[in-house]
Amino acid sequence: MSVACGLECVFCVGFSRWIWKRCTYIGSDDSATWTSATPEEFEPIPRISRVILAVYEPDLRNPKISPSLGSFDLNPDWVIKRVTHEKTQGRSPPYIIYVDHDHREIVLAIRGLNLAKESDYKILLDNKLGQKMLGGGFVHRGLLKSAAWVLNQESETLRRVWEENGKEYDLVFAGHSLGSGVAALMAVLVVTNPAMIGGVPRSKVRCFALAPARCMSLNLAVKYADVIFSVILQDDFLPRTATPLEDIFKSIFCLPCLLFLVCLRDTFIPEGRKLRDPRRLYAPGRIYHIVERQFCRCGRFPPEVRTAIPVDGRFEHIVLSSNATADHAILWIEREAEKALQILREKSSESVVTMAPKQKRMERLNTLEKEHKDALERAVSLNIPHAVSTAEEEEECNNGEASAESKTKKKNWDEVVEKLFHRSDSGEFVFNDNAVPER
């Protein structure tokens, strides 16, 4: 009897400790040890957020959404193409192609999930863990299929606009939620197949994934951290949910229940087991975490931005918060990102007036490169499946550039798509087995 009572006490204490840890875990704990972002590196994010918001507007000259600036700071005349749900025929979320001459960027921006569109759910449902590999890692099959379709439609337009502007502009892919996964995989395809868009170099390809979906395995998330930049607002649930997206949206009407069960399950999975699972998907690239709330404090505080390329402990814990879904909204992300940028600029200007800057621009760029190399080596040291070392990554980049120079710019993207897919009798894209994009 005494043994049973003792075991019951141990169980109650252990369960109480777990409840306390889970209820007191807040979003800012994920990035507690990260460094602060600089205004130079964070500057594009609010601006790109407004470009994504523009995808939701039917008429940019008479917008219905009010961003943090009070108006959109993009020129409607520079929007060279707008593609709606009807034009995509359910193969991709709507998107626009915008040429920002002020910042010398060609932006392809994709909107997030439309809860009223069945086709968006089909993209999410088109996936099973471990079903599709790309470039040595696993990716979300439906999002990859959508990314390849968009590139198949727009690569010629992107190549033409890039060449018309002297090949000097950056090529930027951006998306929110569902669109962030499509944009991230588009960036991976372009980086691994640069000849398909006129030989665009890796240094001119960037991707901004806002409230990103988990769309690629850990080795790919770290490998492309110099190209893909994910933005997460405080407690956003989606980047933290390793559960397949189709399970989340099947349970959309009982999402809190599902998140609690996922939280309970993941608590008892050892960290090493998570890292060794090559099929486990993660938020892509370098992460910028916007933090604006504190434990046991009411209301929002002036936001701060932390950044890192995390390997272990990469947003693995669900946050039991009433803001877990609100922080996923693109409008909140844009507003808080703009506030954070203003604060970063004020702090930077104050430090310039009172003292010399601690870190010059070139030194910060070197630091970003070193962080990427350190993350690659960290992934190798943790035995992450398919992880590559710094030397292997540099060799792949050099081979990719040499391959791009050796190919003619007239080569059509269809040739790359056919290596990934074949068309069925009904005209649908079907994945080829063991297809890997060329380098």
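Strand 1 and strand 13 (residues 304-308) pair in the antiparallel sense over two bridges, where strands are DSSP runs (E, at least two residues), helices are DSSP runs (H or I, at least four residues), and both are numbered from the N terminus. Pairing requires that DSSP find at least two bridges between two strands. Within this pair, Thr35 stands opposite Thr307 of strand 13. The structure is a predicted model, in which local features need pLDDT of at least 70 and side-chain atom pairs count only at pLDDT 80 or more, whereas totals for chains, interfaces and linings use all residues. Residues are numbered from 1 along each chain as its sequence is written, and side-chain values use heavy atoms, with hydrogens and water left out.

Nine strands form an open sheet of mixed pairing, in the order 1-13-12-10-8-7-4-3-2.

Strand 7 (170-176) is parallel to strand 4 (residues 105-110), with six bridges between them, and Ile110 stands opposite Gly175 of strand 7. Strand 7 also runs parallel to strand 8 (residues 205-210), again over six bridges; here Leu171 stands opposite Val205 of strand 8. The chain passes from strand 7 through helix 7 to strand 8 in a right-handed β-α-β crossover, a term denoting a clockwise path from the first strand over the helix to the second when the strands point away from the viewer. Strand 7 is largely enclosed by the rest of the structure, because seven of its seven residues are buried (under 20% relative accessible area with a 1.4 Å probe, protein chains only; exposed is over 50%, and partly exposed lies in between). Asp170, Val172, Ala174 and His176 point one way from the strand, and Leu171, Phe173 and Gly175 point the other way.

Ser177 has a positive phi of about 60° although it is not a glycine, and the residue is buried, with a relative accessible area of 5%. A positive phi, near 40°, is also found at Gln234, another residue other than glycine. Gln234 lies in the loop between strand 10 (228-233) and helix 9 (245-250) and is buried at 1% relative accessibility.

Helix 7 lies across strand 4, strand 7, strand 8 and strand 10, running at about 155° to strand 7. Axes are lines fitted to C-alpha atoms, for helices over the stretch in contact, and angles run from 0 to 180 degrees between N-to-C directions; contact means heavy atoms within 4.5 Å. The axes of helix 6 (residues 141-164) and helix 7 come within 8 Å and cross at roughly 65°. Residues making this contact include Leu143, Leu144 and Val150 of helix 6 and Leu178, Val182 and Leu185 of helix 7. By class, the contact has twelve nonpolar, two polar and no charged residues (Ala, Val, Leu, Ile, Met, Phe, Trp, Tyr, Cys and Pro count as nonpolar, Asp, Glu, Lys and Arg as charged, and the others, Gly among them, as polar).

Ile228 belongs to strand 10 and is buried at 0% relative accessibility. Not counting residues up to four places away in sequence, Ile228 touches Ala184, Ala187, Val188, Cys207, Met216, Pro284, Gly285 and Arg286. The C-alpha atoms of Ile228 and Ala209 are separated by 7.2 Å, the two residues being 19 apart along the chain.
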